[in-house]
Amino acid sequence: MNKFPGSLTYVRLSLLLAVTFLLSVIQVHAQCPPDVVTSGLQFPIGLAQTNKGDLLVAEGGTTTPNTGRISIVDQSGHRRTLLAGLPSGINDVLEPSGPAGLFMRGRTLYVAIGVGDIGLPGPFPGTAFANPNPSSPLFSSVLAIHFSASVEKKTSQGFTLTPADHQVLASGQKVTLSSGKEKLTIELVVNILPDFILNPLPTVPANVRFSNPFDLVAVGDQLYVTDGARNLVWRVDIPTGAFSALAEFPPIPNPLFGTIGGPVVEAVPTGIAYSDGQLLVTLFRGFPFPPATSVVQQIDPLTGSYVPLIIGLKTAIDVLPIRGGGDTDYLVLQHTSGVGPPFVPPFSRPGLLLRFDEPGAGPVIIADCLTRPTSMVLDEKNDTLYITEYAGRVVAIPFD
């Protein structure tokens, strides 16, 4: 498979082009702060919309294991639980990890389940050990949830998976939950095994690298899943569950090396979308999050070859193609902004929503007042863009 250039020359070019972008930015601010649709969510990562107009939110859970859930949020901001008891655990960087990316097709919701507590913190930043007793056998997997329009409309308390249900799903069997006359069915699409690979370091020979599914998109019978820890995109055959690596992204030189961080920066693929026969993937980049190194990659889903589509970004976490008027614009969500690494205090700078009329043109700033945004969905009927924020909110921005 093709490798994206990882040379210092490329990093310097990215920095130069980023400055050019900034000089051509048009400041078009939406309502700031944005309208809050709902709050009090539990570390929301993924967002989707049903054909009835409700929002579905993936929440990573609390400090208690297996408290991940999928919530229904209506247009008025009222939250109801669709499914609770999903796999979750405190990951190696001490944050809840569970349900992440969502993709809704018909009456089936595909859910990427993150790394959970598969790993334990290692002795140094960027190192980790395997946890011999994770809270669920379903971490690093994709689940399919089938539910009717009646369930979406009527459920109030929702459905709850038990630890025993996790074991049943991990064995390859379906689980059907009932609440009165309503039913909901869950099945395992793929369990990425092994959950981790050995990644020995001279000072930490037992160091491991996990699989951490972050986001996904369905195209025909195939699912494409970003893996933020393994730095790749998986291709999953939905009918059989067979999976393979489609594209892998190497690290790049750290332009801040000597000041902070190690010699290289990881790719960290996050958001994924499909447009004009191509996959679009945001590379968030890892610590120390140097500016102008984050990109949107365009991947051929048949060959896995890829080229940069939009460069010069910082902590890009999601991308949304907008088709209209015979061409395609691109919305890019940045988790944080500013010049320099966002590490004191962590991720304190506001997130940005950028619009690119053309991939090589400068961005239009749609909003510069977001709090650690994670995902977005456009309601074309209501001309509203909905965005999840890691702090526990869904916010709305008018978007024509």
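These are my notebook entries on what I looked up in this structure.

**Basis.** I am working from a predicted model, in which local features need pLDDT of at least 70 and side-chain atom pairs count only at pLDDT 80 or more, whereas totals for chains, interfaces and linings use all residues. Residues are numbered from 1 along each chain as its sequence is written, and side-chain values use heavy atoms, with hydrogens and water left out.

**Whole chain.** I looked up the secondary structure and found three helices and 35 strands, taken as DSSP runs numbered from the N terminus (helices H or I, at least four residues; strands E, at least two). Of the 400 residues, 56% count as buried, where buried means under 20% relative accessible area with a 1.4 Å probe and protein chains only. Among contacts (heavy atoms within 4.5 Å) with a separation of 6 or more, I noted that 53% are between residues 24 or more positions apart.

**Open sheet.** I followed a five-stranded open sheet with antiparallel pairing in the order E9-E10-E13-E16-E15; two strands pair if DSSP finds at least two bridges between them. Strands E9 (99–105) and E15 (175–179) each have a single partner strand, so one side of each lacks a neighbour in the sheet. The twist averages 25 degrees from one strand to the next, with axes as lines fitted to C-alpha atoms and angles running from 0 to 180 degrees between N-to-C directions. Five bridges join E9 to E10 (residues 108–113) in the antiparallel sense, and I traced Met104 to its bridge partner Leu109 in E10.

**Cores.** Leu109 turns up again in the largest nonpolar core, which has 31 residues and in which Ile70, Leu83, Leu109, Ile145, Phe147 and Ile186 have the most contacts. I take such a core as a set of buried Ala, Val, Leu, Ile, Met, Phe, Trp, Tyr and Cys residues joined through side-chain atoms within 4.5 Å. A second, separate core of 25 residues includes Phe214, Phe289, Ala367 and Leu378.

**Ser211.** I located Ser211 in the loop between strand E18 (208–210) and strand E19 (213–219), and its relative accessibility of 0% makes it buried. Leaving aside residues up to four places away in sequence, Ser211 touches several residues, including Asp195, Asp227, Arg230 and Trp234.

E29 runs antiparallel to E30 (residues 327–334) and is joined to it by eight bridges, and Ile322 has Asp329 in E30 as its bridge partner. Two residues lie between the strands of the hairpin, where Gly325 takes a positive phi near 65 degrees.

Definitions and conventions: Buried < 20%, exposed > 50% of the residue type's maximum accessible area, 1.4 Å probe, protein only.
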